[in-house]
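I set out these entries as a record of what I looked up in one model. The coordinates come next, and my notes follow.

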Amino acid sequence: MTFPVVIVAGGIASRLQPYSLERPKSLMELEPGVTILDFILKRFTRANLSPIYLVTRKENVAPFKQKLGNKAVILSIDAEEFGNLYTVYTALKNVDPPFLVAMSDHIFEFEMLKKLLTHSSNKAFTICLDRKPSLSEVKEGLKVKLQGGRVVEVGKNIESRYGIDTGLIIIRENARRYIEEVINEKGINASIGDALDKAAKDGEVDYVDVTGFLWKDIDTPSDLLYARKIYKQINLCDYGRKTTSLATKILVRPLTGYLAGKLKRTNASGAIPLSLLLLAMLSLVPSLFLDVLNTSYLYLAVYVYILIFLTDFIDVIVSFHDLSPAYGNVALIGRALAEMSMLYFLVASLGEININVIYLAAVLGATSSILSVIFEHEEIRPPALTFLADPAVKLFLAMLLVMINQQILALAYWIASGIVVMLFSGTRIGTAKPPRLAEEFPKIAERRGMIARRLERAGSKGFKLILVLIVLSYVNSHFGGYTLLQTELLSINVSTAVSAITLLAIVYYGYYVLDGVRVLVDALAVKMTSVLGITESVAEHIGLDLLYLGVTLIALLYVPSLLRTIPKVGQLLELITSLVLLFFLLFFLYDLSRIIYKAFGEVFSEIIKRIEGALEYESR
C-alpha cells in the first residue's frame with residue numbers, strides 16, 4: 001500500500017555511549033547481522049508501506065546511506081540540538097500527511113503495526129497505547145491520560161494510571177497545525193509529546209490498544225540487552241499469530257521454540273536442510289511400514305508427532321532468525337512432504353475399496369493439502385478457521401479416526417478442511433477490515449452508578465447465600481439420612497440433594513459476590529497506581545489474579561468434597577474437578593508472577609545487583 005513512513009532517528013543516544021560514538025543507535029545489532037533498523041524495516045516491508053523516509057542529524061547521514069542505499073530517503077537536520085518534534089517537522093516539508101511516524105529505537109510486534117494501520121479515524125493523531133507497561137517503561141515513557149475513553153492529556157510527568165505511548169503514531173493533515181504551533185511556541189527543542197498534548201486538549205488524539213503485545217524502547221545498554229532477549233520472542237509471536245492455532249502452540253511450539261532459540265543465526269540455515277532431509281526420509285515410512293503403523297498405534301502417534309515437530313521446527317527457525325524468503329519456501333516444501341506422507345497413509349489404509357474411489361480420494365486429498373499449505377504461507381487464512389488446517393489438529397485428528405477404523409471420515413475431514421479454508425478465506429494484511437476499538441476506559445460518567453449497583457447486588461446476593469447455607473446445613477444435620485429416591489440403579493438421600501443444591505447456590509450467588517469484589521479490586525488498583533508508580537491496568541491485573549487465586553483455592557478445598565456424594569460418578573467428578581481447579585490455581589500463580597516480573601523485573605534485578613555488590617565488598 002502507498003502509505004509513507006517517517007523514521008525518527010535524530011537522537012545522539014547519550015546513554016548508550018561509548019557505543020553510540022561508533023555508530024547510530026538504530027544500527028546496533030539485535031543479533032549478528034540484524035540491526036534494530038533492519039528489524040523495523042522488515043515490518044514496514046511486510047505491511048507494504050512506502051516510501052520510507054529517515055530523518056537524522058547531518059553527521060549520521062553517511063552511515064545511514066551506506067546501510068540503506070535506495071531503500072529509504074535520508075533527510076538531514078542541520079541544527080545541533082533539537083527535539084524529536086523538529087524531526088517530524090522537517091519531514092512535513094517533504095512528506096504530505098497522512099503518514100506513519102516510527103521511532104528508530106523501538107522494536108515491536110507486527111500486530112501492533114497492523115492494528116494501527118487498519119484503525120479508522122479522522123483525528124489529527126492516532127497513537128498506540130500500552131496499558132500494562134513495565135515500571136521502567138512507565139518512568140521513561142510518554143504517559144497518556146484518558147477520560148471517558150478519550151485521550152485528554154499527554155506528557156512525561158503526568159500520572160501513570162492509564163498507560164503509555166509505544167512510539168508508533170499516525171499523523172494526518174490536521175496534525176500539521178498543532179506541530180507548527182508548538183514549534184513556534186517552544187522552539188526546535190519541543191517534543192512530539194508537546195504536540196500530542198496540545199491536540200489532546202482539542203480532542204484530536206485517539207488510540208489503539210496494544211496492551212499485551214511485546215515491544216521495547218531502547219535507551220540504555222540494559223535496554224539493548226533486554227531487546228535482544230525478546231527479539232526472537234517477537235519474531236515468533238509475529239509468525240505464530242500468522243499461521244498456527246492453539247493445538248500447535250501447546251503440543252509442539254514449546255519444544256520447537258526452545259530448540260530454535262538455542263540455535264545461533266549462523267547455524268540456523270544449516271539446521272533447515274537437515275530437518276528437510278529427515279522429513280523426506282520420514283515421508284517414505286508409510287510405504288515401507290504400513291502394517292506396523294496400522295497395528296501399533298503407539299508407533300503411529302510417535303510418527304505423526306515427529307512429522308508435526310519437524311515442520312514446525314523449520315517454520316520457527318525461519319521466523320526466529322528472520323531468514324530470507326527462500327527459506328520460507330523450504331518450510332513450505334517440508335509441510336507439503338508431511339501432508340503427502342500422512343495422506344498416503346490414509347489412502348493406503350482404506351483397504352479393499354474400489355480403485356476409482358481410492359484415486360478420487362487421493363486427488364481430492366492432495367488438492368486439499370496443497371490449498372492448506374498455500375493459504376497458510378500466503379497469510380490469507382481467516383483467524384476463525386485457522387484450527388481446521390492446523391498441522392497438529394489435522395494430523396492428530398486423522399490419526400485418531402484411523403484408530404477407530406473411520407478412514408473414510410478421516411479422509412472426508414482432510415479434504416473438507418482445505419476446501420473450507422479456501423472458500424471462507426480472509427483478506428491479506430494491510431487491507432483487513434478495521435477492528436473495533438476496545439471498550440472505553442474509564443467511562444467516568446457512568447462508573448459511579450454502575451459501581452453502586454454492583455456493590456448493592458453483591459451485598460444482597462451474599463446475604464442470601466449465607467441464609468441458604470444456614471438452612472441447608474440445618475436440613476442436612478437433621479434429615480440427611482432420609483432417602484428421597486430408591487431404584488435398582490440409583491439411590492438418592494437428603495444429604496446428596498443438599499450437597500447438589502449447596503454447590504448450585506455457591507455457583508449462582510458466588511458469581512454476583514465475586515463481581516462485587518472485582519469493583520473493590522478496581523478501586524484498590526487506582527490507589528496502587530499512585531503508591532507503586534504502575535499503570536491502573538497492571539494494578540488491576542495483579543488484584544484480579546490475587547482474587548481468582550483466592551476463589552480457586554477456596555473452591556479446591558470445598559467443591560470436590562461436595563461432588564463426592566453424587567451416586568455412581570461422585571468420585572470421578574471429584575477427581576476431574578480437583579485436577580481442573582488445580583490447573584487454574586497454577587495458571588493464576590504463573591500469570592501473577594509473570595505480570596509482577598514484567599512490571600518490577602528491573603527493580604528485582606537492581607536489588608540483586610546491590611546484594612551481589614555488598615557480598616563482594618564483604619568478601620574482600
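Is the crossing of helix 3 and helix 6 left-handed or right-handed? I find a left-handed crossing (the near helix is turned anticlockwise from the far one by less than a right angle; clockwise would be right-handed).

I note that this is a predicted model, in which local features need pLDDT of at least 70 and side-chain atom pairs count only at pLDDT 80 or more, while totals for chains, interfaces and linings use all residues. Residues are numbered from 1 along each chain as its sequence is written, and side-chain values use heavy atoms, with hydrogens and water left out.

Entry on the helix pair. I looked up helix 3 (residues 84–92) and helix 6 (residues 175–186), which pack at about 125 degrees with axes 10 Å apart (axes are lines fitted to C-alpha atoms over the stretch in contact, and angles run from 0 to 180 degrees between N-to-C directions). Contact (heavy atoms within 4.5 Å) involves Leu85, Tyr86, Val88, Tyr89 and Leu92 of helix 3 and Arg176, Ile179, Glu180, Val182 and Ile183 of helix 6.

Entry on helix 17. I checked its buried residues (under 20% relative accessible area, 1.4 Å probe, protein chains only); among them are Pro391, Lys394, Phe396 and Met399. Just after helix 17, Asn405 has a positive phi of about 60 degrees.

Entry on the whole protein. I recorded 22 helices and 15 strands (DSSP runs of H or I, at least four residues, and of E, at least two). Of the 620 residues, 48% are buried.

Conventions: Buried < 20%, exposed > 50% of the residue type's maximum accessible area, 1.4 Å probe, protein only.
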